[in-house]
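We will go stop by stop.

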Amino acid sequence: MTIRTAFCAASVLALATATGAFADSHTTTLTIATVNNGDMVRMQGLTDDFTAKNPDIALEWVTLEENVLRQRVTQDIATKGGQFDVMTIGTYEVPIWGAQNWLVSLNDLPAEWDVDDILPAMRGGLTVDGELYAAPFYGESSMVMYRKDLMEAAGMEMPDAPTWDDIRAAAEAMTDKDAEVYGICLRGKAGWGENMAFLTAMANSYGARWFDEEWKPQFDTDAWKATLTDYLDLMNNYGPPGASTNGFNENLSLFQQGKCGMWIDATVAASFVTNPDDSTVADKVGFALAPDKGLGKRGNWLWAWSLAIPAGSDKVDAAKKFVAWATSKEYTALVAANEGWANVPPGTRTSLYENEEYTSAAPFAEMTLESINAADPTNPTVDPVPYTGVQFVAIPEFAGIATQVGQEFSAALAGQQTAEEALEKAQALTTDEMEAAGY
Amino acid sequence: MARNVTTQRKIVNTVLAWGIGLLIFFPILWTILTSFKSEATAIADPPVFLFFDWTLDNYRVVQERSDYMRFLWNSVIIAGGSTLLGIIVAVPAAWSMAFVPSARTKDILLWMLSTKMLPAVGVLYPIYLIFIKMGLLDSRVGLTVVLMLINLPIIIWMLYTYFREIPGEILEAARMDGASLKEEILYVLTPMAVPGIASTVLLNIILAWNEAFWTLNLTAAKAAPLTAFIASYSSPEGLFYAKLSAASTMAIAPILILGWFSQKQLVRGLTFGAVK
């Protein structure tokens with residue numbers, strides 16, 4: 001009897017398993033892969049507006065953590081799996097996938113979408129050979145967030161456009177290790193999008209670059225040595241303990257608890273550190289541009305989460321309608337009407353920064369715009385380079401190489417090796433990988 | 001002969017057992033506690049243990065944002081379906097290995113187990129491409145079969161161990177009485193091995209429920225189980241620990257309750273045949 005019951009249950013389950021969700025034949029269902037962040041989650045809550053205007057299109061969301069999402073969409077697009085109709089991808093993927101013809105060109109989005117309104121730095125980073133391959137949903141750069149009260153107590157003033165020497169002096173003045181206040185918090189966790197995003201941007205301002213015009217790795221140059229030595233010096237003297245495992249969230253948590261004098265990281269953090277619900281220092285935060293070394297480049301990066309359509313999708317028209325809606329000026333107004341101007345996705349459109357309602361609701365708006373404008377993905381370094389990308393090199397091999405280099409630099413921060421040793425290893429492994437890749 | 005156990009030793013053993021139990025349970029307890037904190041309290045340093053403003057806000061947000069029941073239903077189907085399919089395949093296989101072994105049975109058993117030693121990511125792309133060809137991506141059928149296959153070696157090994165404890169003479173007697181092979185397995189062997197089968201089923205439901213590599217890689221929207229539900233609350237930029245904890249608590253609650261109610265059966269099955 002027990003066995004029969006088990007077999008019956010198995011049959012019922014098998015039947016239920018086989019029963020797919022069959023959509024109405026008149027409705028096109030778009031599956032959208034996205035990251036879990038405030039702006040994306042907000043969009044999911046506002047999609048009624050889209051489906052009301054497009055009753056023949058239904059939306060299904062797949063929300064994943066950034067690294068999982070990156071792996072999933074890469075796997076899907078490379079194998080033409082067709083699981084997703086719209087993908088949320090970063091500035092690193094767009095030039096590579098666009099050049100492979102893996103993405104649908106968005107040059108024919110409707111005129112009212114107003115492509116000329118997209119910030120030039122963003123548009124440049126998402127365009128390959130004149131074709132726009134992704135529509136920016138929100139964009140960010142990096143900047144200095146600092147404690148105005150601690151600077152004042154130290155009798156110092158932070159310039160709007162500081163140099164690395166200003167940063168060092170401020171870090172020294174604000175550090176009070178007995179009170180668990182550390183002058184500066186920076187990323188130390190290994191990863192191409194973790195410590196290497198910060199260090200590559202910092203290196204740009206020091207006149208360093210990943211490769212010369214012949215694609216030869218440059219970690220054996222004085223500029224890289226100065227970059228890494230200064231970074232380690234700053235962190236060892238004025239940084240929090242255990243910094244080699246700190247990423248964005250760890251530093252955010254430290255800053256919100258009043259334990260960091262300065263934090264140089266994504267502009268999107270500005271809204272978190274000024275939110276009185278979560279931050280104990282919400283009313284004491286000032287902003288400044290990322291530092292420079294007097295060489296004409298600042299140490300800030302450029303990133304956008306953008307919506308793209310994989311080539312080969314059989315729902316391109318519906319997908320384009322959705323992409324145009326989610327990245328339009330009307331969507332920005334919709335968010336403002338529902339959740340206030342401070343919550344609209346930043347960093348993509350010129351018109352947003354001309355809107356007084358927005359600039360008065362977001363005290364960090366001006367600095368965000370200046371930071372984004374200060375980054376040039378097509379000309380990111382002091383000396384010329386054969387690649388695009390500010391805090392990354394837009395070649396498929398970069399993520400793997402930079403993660404390994406990041407591990408060497410993180411080990412140097414943890415005191416396991418010297419800056420020279422880390423750079424030597426970085427040079428050797430990058431040379432090996434690039435030779436193996438045929439450069 | 002039973003050993004004399006002093007009261008002092010009993011106390012020490014009890015305290016030790018509770019200590020180890022609490023240590024193992026602590027991460028789950030911490031997750032549950034964090035799910036009732038605000039995001040700011042969740043990352044407070046020093047950490048707050050019990051004395052904080054308890055809130056259900058994270059559960060409200062998770063309920064609003066995600067269709068929990070759809071993820072739950074997918075988990076039930078995939079974990080239950082793969083386990084039942086596995087049992088149906090494994091019972092005859094374990095029977096033949098336990099009662100009519102050949103010279104190569106041991107080798108086959110070891111070979112089957114060796115498939116568990118292969119890192120899953122090593123076969124991700126072949127399986128992914130097969131799924132594309134067969135139209136099985138993001139389907140419960142595909143995932144049920146894959147999870148059945150990856151857990152099959154464990155199911156067969158467990159059943160084989162339990163079956164070996166059953167005297168072959170009983171099956172012989174059934175054959176003497178005219179039982180066919182099917183009747184022998186269904187009406188004689190299986191009822192005798194119920195504790196073993198039950199613990200195998202429970203353990204495999206837990207394994208399939210918690211499986212997070214294939215379930216994340218082979219699903220998108222339709223067939224995504226609770227592992228995907230949890231993964232959607234992790235974020236590299238922003239505070240998420242409290243909401244992630246709420247999602248995790250909701251995801252593990254059903255299996256935790258199942259384990260709680262069936263722990264006697266589970267322990268009985270796992271220690272089945274331990275005393276010879």
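**Stop 1: chain B as a whole**

Select chain B. Its average pLDDT is 89, and 96% of its residues score at least 70. This is a predicted model. Its scores are ipTM 0.79 and pTM 0.83.

Now show the cartoon. Chain B has 14 helices and zero strands. Follow the chain along its sequence and the pattern reads α-α-α-α-α-α-α-α-α-α-α-α-α-α. The C-alpha atoms fill a box of roughly 70 × 65 × 30 Å along the principal axes. Chain B has 276 residues, and 36% of them count as buried. Turn to contacts with a separation of 6 or more: 79% of those in chain B join residues 24 or more positions apart.

**Stop 2: where chain B touches chain A**

Bring chain A back into view. Which chain gives 36 residues to the contact, and which gives 39? Chain B gives 36 and chain A gives 39.

Stay on the chain B side. Select α2 (39–42), α4 (68–99), α6 (124–134), α7 (140–164), α9 (181–192) and α11 (214–217) of chain B; these are the elements that give two or more residues to the side touching chain A. Which of them gives the most? It is α4(B), with six residues. Color this side of chain B by class: 19 residues are nonpolar, ten are polar and seven are charged.

**Stop 3: α4 and α9 of chain B**

Show the side chains at the contact. From α4(B), pick B:Val91, B:Pro92 and B:Trp95; from α9(B), pick B:Ile185, B:Leu189 and B:Thr190. By class, this contact holds five nonpolar residues, one polar residue and no charged residues.

**Stop 4: B:Asp138**

Move to the loop between α6 and α7 of chain B, where you will find B:Asp138. Check its backbone. Phi is near 55°, a positive value in a residue other than glycine. Most residues other than glycine have a negative phi. Is B:Asp138 buried or exposed? B:Asp138 is buried, because 23 other C-beta atoms lie within 10 Å.

**Stop 5: A:Asn101**

Select A:Asn101, in the loop between α5 (93–99) and α6 (120–125) of chain A. A:Asn101 also has a positive phi, about 60°, although it is not a glycine.

**Stop 6: α11 of chain A**

Select residues 248–256 of chain A. This is helix α11, and it is mostly covered, with seven of its nine residues buried. Which residues of α11(A) are buried? They are A:Phe248, A:Asn251, A:Leu252, A:Ser253, A:Leu254, A:Phe255 and A:Gln256.

Now show what lies over them. The cover includes β6 (135–147), β7 (182–185), β8 (260–266) and α12 (269–273) of chain A. Before you leave, look at A:Gly258, which follows α11(A). Its phi is positive, near 80°.

**Stop 7: A:Thr274**

Go on to the loop between α12 and β9 (285–289) of chain A and select A:Thr274. A:Thr274 is buried, because 20 other C-beta atoms lie within 10 Å. Leave out residues up to four places away in sequence, and A:Thr274 touches A:Ser279, A:Ala282, A:Val285 and A:Pro363.

Pick A:Thr274 and A:Ala58, C-alpha to C-alpha: the two are 36 Å apart in space and 216 residues apart in sequence.

**Stop 8: α18 and α19 of chain A**

Finish on a helix pair. Select α18 (residues 398–413) and α19 (residues 419–436) of chain A. The axes come within 9 Å and cross at roughly 170°. The two helices are therefore roughly antiparallel to each other. The crossing of α18(A) past α19(A) is right-handed.

Show the side chains where they meet. On α18(A), select A:Gly400, A:Ile401, A:Gln404, A:Val405, A:Glu408, A:Phe409, A:Ala411 and A:Ala412. Their partners on α19(A) are A:Ala419, A:Ala422, A:Lys425, A:Ala426, A:Leu429, A:Thr430 and A:Glu433. Color this contact by class to see nine nonpolar, three polar and three charged residues.

Technical notes. Residues are numbered from 1 along each chain as its sequence is written. Chains are lettered from A and ligands numbered from 1 in the order in which they are written. Two residues are in contact if their C-beta atoms, placed from the backbone, lie within 7 Å. Helices (H or I, at least four residues) and strands (E, at least two) are DSSP runs, numbered from the N terminus. Ala, Val, Leu, Ile, Met, Phe, Trp, Tyr, Cys and Pro count as nonpolar, Asp, Glu, Lys and Arg as charged, and the others, Gly among them, as polar. Axes are lines fitted to C-alpha atoms, for helices over the stretch in contact, and angles run from 0 to 180 degrees between N-to-C directions. Angles under 35 degrees count as roughly parallel, over 145 as roughly antiparallel, 65 to 115 as roughly perpendicular and the rest as oblique. A crossing is left-handed if the near helix is turned anticlockwise from the far one by less than a right angle, and right-handed if clockwise. A residue is buried if 20 or more other C-beta atoms lie within 10 Å of its own, exposed if 12 or fewer, and partly exposed in between; C-beta atoms are placed from the backbone. pLDDT is the predictor's confidence in each residue, from 0 to 100.
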